[in-house]
Amino acid sequence: MTRAEAQAVLEQAVSRASGREIEAVLGGGTAELTRFANNEITQNVSERRYVLSIRVARGRKTGRATGNDLSREGIARLQAQADAAAALSPEIPDLLPVPAPQTYRTVDGTDPETASLGPDARAREVARAVAICRAAGVNAAGIYETGAGTIGDYGVVSPLAIANSAGLFAYHQSTDASFRISAMDGTASGWAGAESHRAGDIDGGALADRAVGKCVGSRAPASWEPGRYTVVLEPAAVADLIQDMSWISLGALAVQEGRSFLSGRIGTRVMGENVTLRDDPYHPLHRGCPFDAEGVPTRPVTIIERGMAVSPVYDRQTAAKDGVESTGHGLPVPNPIGPLATSLVLEGGEGEVEDLIAGVERGLLVTRVWYTNVVDPMTVTLTGMTRDGLFAIEGGKVTGAVRNFRFNQSIVQMLHEVEAMSRVQRIEGVVCPGLRIRSFHMSSGTEF
Amino acid sequence: MSDLARLALDEATRRGAGYADARLLDQNREDLLVKNGQVASLEQTESRGLGVRVLVNGAWGYAATDELTKDGAAACAARAVAIGRASASVLAKPVRLAPEPPQTAVWSSPCAVDPFTVPLERKLDLLLAVDAGLRGVRGVTIAESGLTFVRKRQRFLSSEGSDIDQTILRSGGGYSATAVAGNEVQRRSFPQAEGYHQTRGWEFIESVPWVAEAPRIAEEAVALLRADQCPHGEFDVILEGSQLALQIHESVGHPTELDRVLGMEANYAGTSFLTLDKKGTLRFGSPKVNLVADATLPDGLATFAFDDEGVAAQRWHIVRDGMFEGYLTSRELAHTVGDNRSRGCVRADGWNHIPMIRMVNLSLMPGAGSLDDLLGDTDHGIYMETNRSWSIDQLRYNFQFKTEIAWEVKRGKRIRMLKNPTYQGITPQFWNSCDFVCGTEAWRPWSVVNCGKGQPGQVAEMTHGAAPARFRAVKVGAGYEDD
């Protein structure tokens, strides 16, 4: 949807405020995904969807209605439903008025070729990857996904444009492409993935080569005992762990409610001196949205600087409580979650993952992790599995495959024990390096 | 509006689809959430759209749109066919659908009182009363309570002649108390973690003692701050029903999805240790273990008349007397296990997503005896209640769960409360260690409403009936051991 089209929808949505406040958020676009397994395309889908969410506030009472009927009647119905809900809602004492018009940084996150990429082009890229896997005698499974707009995984739609009755208007268009491939041979597997706002950056053949190499290397794994090991975590593994930490710890509400490791520790050392973690949608690898769900401009935030806790990310409500300005990380108001850091950047080094491996006398190389979940929120202890390539490192070289482990590891402690970092890449929505960790707890084994 | 579905089918067939189906959905949802005495969400959501699925030269294409006009429906069908044609360019074997007679039906899940007609004030009054009950206990830091109502009306048409109008309504809710002190964050939930739901109306909400249980839940959350740490080692473990429900979901339900078994989820959720050679040969659990898939279960969250391929709801054993018997199947994959008919397990979470194999209701059949009988039969063990976190490997062998609360049991009695209980195991070993399943009086239809699967991800809901059960010599304490 163009800026003018979005503006036309939102102007109607925030019209006839007559003493009330109205905020309207429009999200959506197109999302297309080609899925393959066993060396053939097994699913292939396309979705076109726009969602309008209208919030009406009557003083400190507020209600919301959301729908995808963008006709004049549909918009009027949402407005009436939101208004009726606001009338019935109890007052929210710390509900803030909608923000005034804002100024936003421009983010170039759109690629016309990606926006128009069709199923034939995706099939050709998949065919290249499948051919490589077939030639190697393994099975390919994966996805090639492209989209224009803000439809995310699990159908979640984030803001494309926002307007309110105070005259605010914000619009951000973006495209995305991602390719992920698993090469499978029985219980041996290898994985590779890439993502960008440009489909032209995706090289399915190169990713297939990488996945095949990992799969072939994963055959006949050795059994190592559970215990603490020096590990090299590839960027995909780091991204998963850092993102989980972010969900439960890096927003100001978690800090204010005392359920974050940052609670009471701002200004103190919480991680190793070589760890700097930011949230920055303007990073060239992110090219994210320059505003949050209330239309507040998103600012880059340094969360951890050389191991010192600097600041969580804020929305307007939590910022008001702490007497600071919002950093523009808010979700739709009201919500029980508080602000979230969603454009994470963990600063890295100069070398490659191979350089990290070279410094390990005896340890493990972790391609990625799977099914992570929180065991202990205050220490950010996560459990999860290694997956798609766990390798022995001996004498600075990869010497063979190892059976997968379950880990139970405090991520805060892990970030005290970073020995070295590779250069950063964007993977799984996070910009981060590979890490060499002195001691990482592999707690139990599995059958493969 | 069903004319649009018909138009889409005709357009898809005209453009070369060998098979086509169209689903036209109208979905309404209401979410209410109260946190610490304030409304944290009050939202009504509606979503309408059309999804068209086609087979072109034996390959799948799917397109979905919310442009509900003749042009929009025709364009959607054309896009589905173009996608199917592209899929056929990377195809090993054409899809072969198991035969299914065309169905014409109108069906609705039972509902005595439509929750969408119940005034918002009444719903908020209930949540605010729960909130007061939770925050009336000193030491509670966060009180959260919520209600959710969902109605999905779907018209399913297929090029084989099916025409099914199906409405499924569900109601549910739940609450939690969180207590925070120092480095401890403890939580208790009621009736279970992530909410308790059924395909019933407001009468279901009125059948649950929401307000009466709030003080106990809050007191337990606060008491956990001072409780002893759950020990580390090997113990007999007794799982309360809602925790066992999630154990069933993760270690029985997902590994029996036939698309997973055949590698079609390999890049995301993984595959399964229940390979085709295990059917009829693997001792999955002890003879006490009987697991039944049932899309006809009264009030179940995956209870329907027909699945999203137009296949009638069925009931069958997955595990009988401990032996592994069967899978969750679709029309596309039934033939791979020698079946000439799908088990009817295909669902989508909306018009915008393609239907795929999803768990139906899957329950552990009751044994005999009450929870007191089970505790009384236990010399030394740990009784764990209410899920807090979960994780399982990509073949569904190694799992680890944490529950909100536990009690040490000695000589048949609970002797002390324990905090941060975790247990870990390997699926077939774990189910083979089951030696006691409580009876009908302790059996409840527990809910899962956040089951993620697929690329793009979809969220499904289902019911897992379970009564408390005992498992021998289980590893306890992962994540908190001194090592």
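How many C-beta neighbours does A:Arg306 have inside 10 Å, and does that count as buried, exposed or partly exposed? The answer is taken up below, together with the backbone of that residue.

## Model and confidence

The structure is a predicted model, and its scores are an ipTM of 0.96 and a pTM of 0.97. For chain B the pLDDT averages 97, with 99% of the residues scoring at least 70.

## Overall fold of chain A

Chain A contains 10 helices and 21 strands. Its radius of gyration is 23 Å, close to the 22 Å that the globule rule gives for 448 residues, so chain A is as compact as a globular protein of that length.

Of the 448 residues in chain A, 58% are buried. When contacts between residues at least 6 apart in sequence are considered, 73% of those in chain A join residues at least 24 apart.

## Helix α1 of chain A

In helix α1 of chain A, which runs over residues 3–13, the buried residues are A:Ala6, A:Leu10 and A:Ala13. These residues cover an arc of only 50° around the axis, which puts them on the same side of α1(A). An α-helix has 3.6 residues a turn, so residues three or four places apart point the same way.

A:Ala4 and A:Glu11, on the other side of α1(A), are exposed. The buried residues of the helix are covered by elements of chain A that include the strands β1 (21–37), β2 (40–58), β5 (159–164) and β6 (169–171), as well as the helix α2 (72–88).

## Residues with positive phi

Most residues other than glycine have a negative phi, and most peptide bonds are trans. A:Arg306 has a positive phi, near 45°, and is found in the loop between β11 (301–305) and β12 (308–309) of chain A. As to the opening question, A:Arg306 has 14 C-beta neighbours inside 10 Å and therefore counts as partly exposed.

In chain B, B:Asn57 is likewise not a glycine and has a positive phi of about 50°; its place is in the loop between β2 (38–56) and β3 (59–65). With 15 C-beta neighbours inside 10 Å, B:Asn57 counts as partly exposed.

## Cis peptide bonds in chain B

B:Phe190 and B:Pro191 are joined by a cis peptide bond with omega at about -10°, and B:Pro191 lies in the loop between β7 (184–190) and β8 (196–198) of chain B. A cis peptide bond with omega at about 0° joins B:Gln455 and B:Pro456, where B:Pro456 belongs to the loop between β22 (444–453) and β23 (458–466) of chain B.

Methods. Residues are numbered from 1 along each chain as its sequence is written. Chains are lettered from A and ligands numbered from 1 in the order in which they are written. This is a predicted model: local features need pLDDT of at least 70, side-chain atom pairs count only at pLDDT 80 or more; totals for chains, interfaces and linings use all residues. Helices (H or I, at least four residues) and strands (E, at least two) are DSSP runs, numbered from the N terminus. The radius of gyration is taken over C-alpha atoms; the globule rule is 2.2 Å times the number of residues to the power 0.38. A residue is buried if 20 or more other C-beta atoms lie within 10 Å of its own, exposed if 12 or fewer, and partly exposed in between; C-beta atoms are placed from the backbone. Two residues are in contact if their C-beta atoms, placed from the backbone, lie within 7 Å. pLDDT is the predictor's confidence in each residue, from 0 to 100. The arc is that of the directions from the helix axis to the C-beta atoms.
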